[in-house]
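Student: I have a model on my screen and would like to learn how to read it. Please take me through its features in turn.

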Amino acid sequence: MEGEREMWKAQGIDLKRNDEFLEAAGKIYGDVYMKQPNRPKGMGFFDFVMSEVHSIRPKEMIDHREKGGKVVGTFCVYVPDEIIFAANGIGVGLCCGSDFSFIDAEDILPTNLCPLIKSGMGFKKGMLSPYFEACDFIVGETTCDGKKKVWEIFDNYIPTYIMEVPQKKDPKQRELWLKEVELFKEKMEKESGVTITPEVLGEKIKLINARRKALERLYELRKSSPLPISGKDALLVSQIAFYDDPVRFTSKTNELCDELEERVKNGEGVVEPTAPRILVSGCPMVIPNWKLHHIVETSGAIVACEETCTGTRYFDTPIVDETPTDIDGQLKAIADRYLNIKCSCFTPNDDRIDQIIKFARDYRADGVIYYTLQFCLTYNVEYEKVKRALNKEGIPLLRIETDYSEEDTGQLKTRIEGFLERIS
Amino acid sequence: MFAGIDVGSLVTKAVVLRDGKVAGYSIISSRTNPRKAGEQALEKAITNANCKREDIKCIVATGYGRSSFSFADKTVTELTCHATGAHYLNTEIRTVIDIGGQDSKVIKLDESGKMSDFAMNDKCAAGTGRFLEVMAQALEVGLDSMGEFSLKSDKPCSLSSICTVFAETEVISLIASGAKKKDIVAGLHMSIARRVGSMAKGLGLQKEIAFTGGVAKNSGVRSAFEEFLSVKFAPISEDPQIIGALGAALVASKF
Ligand SMILES: Nc1ncnc2c1ncn2[C@@H]1O[C@H](COP(=O)(O)OP(=O)(O)OP(=O)(O)O)[C@@H](O)[C@H]1O
Ligand code: SF4
Ligand code: SF4
Ligand SMILES: [Mg+2]
């Protein structure tokens, strides 16, 4: 993009490191994405978005702010975008998917912390991300302990607002969560000077629902055999959903789905129908974290679905009810929808386990890979319950615990290929 | 004739099969260039088997460096190969514990010898041959004699660390505090048995159990396992370090 360097400079971005990061990420992208056979044409848009990852969208955000709008950064699928957008804001999922920024966080955070948190902190503190620098403030949540405490440190670098996400889903906690959603609406109104009307909120509920429906349509198409799209490409679409303009994203994803529908009709796939199908379940995978998918898909298998926050957890729970026409009803509908998300930070979280089994069937998975980031306690501990349930159902399961580094690629390849040998 | 090459992270092994029997094998270091190690090991095994390269109809490569050995007709993971090799030597075997230089693996087999499940250590080297090598150095004890040495201990030290780096520090402070080396070595062996043994228990330990990989040559680790798991390992008639390569050769013979 023309003028990108001036933009970064004005933002205070560390230009040298930014160049290094973009070069490294570009190379990984080329290796991981551009060598795939039979890619759908509709992926062209997403390739373009990636090629301009630090330019076009951050520019749109800066422009939005210049026109008086707000930009709000988030880290978790529990933060309701509807409210941000209704207050003339842009919500953006922030960068936390690369070990490139660890070095910038290591002097203030413990080493045994989830890579996602460490990476996010590093991108902010090291001035490495035009997205962070385009934000007015960020919204944290009380999900896992690591994040809960790191928001206090974040606040030294960027204003940080915290939503209290409860840990159980009983009526009492539902009430608390509704209150949190109402408070968040007030916060957004105060920050933006905009009064959120039922008309605008209704409109934004539809906007975000449309994004969910587009993703749902994409995932629905991944239930067919042969698979019309690789897991890597579908993952990329999910990842881009977090930061692209929702209208444009929805329309481009629907275009992609039109093409995939044709493929399904013609029985056209990206790999042979005999390739083993894998359901990935666990922690979020944030750009540029394509590590697991890449190993799976260069070992002769294909990922059919992600039961993760950068997958089904982002869209699958029922869409926000569009019928209420008053603010109270709308906020309640939003609160209800978000609290149905099945994250391991909740106890109990048995719905998630039922869902993994259902997805394994629906997506015709030959096996499940349980993916956890190192030091993510809740997902790591929940494995034991998932294992018992899947064993009972006779669904093959492989556990992978890893971080963002490339060091363990060889060992992971052995495990994944071994798993494929086992289920073949 | 068929050949199997196991390009391990530390050691490369090759086995040549004639009429379904081990005709020759070799064990060499992989540390230099894994591609060269594969070729050299194959050549040596061929010499030991008294045959020629042209006699080999099919070669299967396995191990960490399997894809860097360019003469392979097929590559298979060492998980399948250790299972296949162990099953060939004893059809009663249902669990294989393989400890090599970098990885410790527990592999379950069904009656037909097919791998049915497995568990592996994470990227950390604790509980592997590399771990023992680092400790042998810190203790100035020969790797080959660690086993015999530890069997003399009647009071193994208890080591709390499972991380290589911390364990080394712990070993050094044990030496400083005057602990006997044989007790420290026995403690190290116990810590490996506990770590890998728990992994095996998690998978559901089923008899008979075979112990393979280079570390299986360490009698101290063997007996620590037998104590921790309250089992006796099934005897195997070949060098435990070549079982992966043997399995690869067997896969080659059926390919
Ligand atoms: N005689 C011996 N006594 C004790 N230990 C031994 C002996 N010979 C080899 N080892 C150990 O075996 C290890 C190598 O075993 P092996 O050949 O099974 O490893 P590898 O296949 O290269 O590794 P990996 O399977 O982890 O990639 C060495 O680290 C060494 O510690
Ligand atoms: S895993 Fe849980 S805490 Fe993490 S982003 Fe997803 S919903 Fe939020
Ligand atoms: S992956 Fe786990 S530890 Fe990391 S931020 Fe999400 S919930 Fe927390
Ligand atoms: Mg080995």
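**Reading the model**

Tutor: Start with confidence: chain B has a mean pLDDT of 93, and 98% of its residues reach 70 or more, where pLDDT is the predictor's confidence in each residue, from 0 to 100. The model is predicted, so local features need pLDDT of at least 70 and side-chain atom pairs count only at pLDDT 80 or more, while totals for chains, interfaces and linings use all residues. Residues are numbered from 1 along each chain as its sequence is written, chains are lettered from A and ligands numbered from 1 in the order in which they are written, and side-chain values use heavy atoms, with hydrogens and water left out.

Student: Why does a low pLDDT matter?

Tutor: Where pLDDT is low, the predicted coordinates should not be read in detail. This model scores ipTM 0.89 and pTM 0.93.

Student: Which domains does chain B have?

Tutor: Domain bounds come from an automatic or database domain assignment. For chain B it gives domain 1 (1-90 + 236-255) and domain 2 (92-235). Their contact (heavy atoms within 4.5 Å) takes 20 residues from domain 1 of chain B and 24 residues from domain 2 of chain B.

Student: Where does ligand 1 lie?

Tutor: Look at which parts of the chain supply residues near the ligand, meaning those with a heavy atom within 4 Å of it. Ligand 1 lies between domain 1 and domain 2 of chain B, because both give residues to its shell. There are 21 residues around ligand 1, and among the closest are B:Val11, B:Lys13 and B:Glu133. Helix α3(B) gives the most, with 3 residues; helices (H or I, at least four residues) and strands (E, at least two) are DSSP runs, numbered from the N terminus.

Student: Which atoms make polar contacts with ligand 1?

Tutor: Look for a pair of N or O atoms within 3.5 Å. An oxygen atom of ligand 1 lies 2.7 Å from a side-chain N or O atom of B:Lys13. At B:Val11 a backbone N or O atom is 2.8 Å from an oxygen atom of the ligand, and at B:Ser9 a polar side-chain atom is 2.9 Å from one. The protein covers 91% of the 660 Å² of accessible area that ligand 1 has on its own, an area from the Shrake-Rupley method with a 1.4 Å probe.

Student: Which peptide bond joins A:Ser225 and A:Pro226?

Tutor: Read the omega angle of the bond. Here the bond is cis, with omega about 0°. A:Pro226 sits in the loop between α11 (198-221) and α12 (231-241) of chain A.

Conventions. A polar contact is a pair of N or O atoms within 3.5 Å; within protein, one must be able to donate a hydrogen and the other to accept it, and residues adjacent in sequence count only if both atoms are side-chain atoms.
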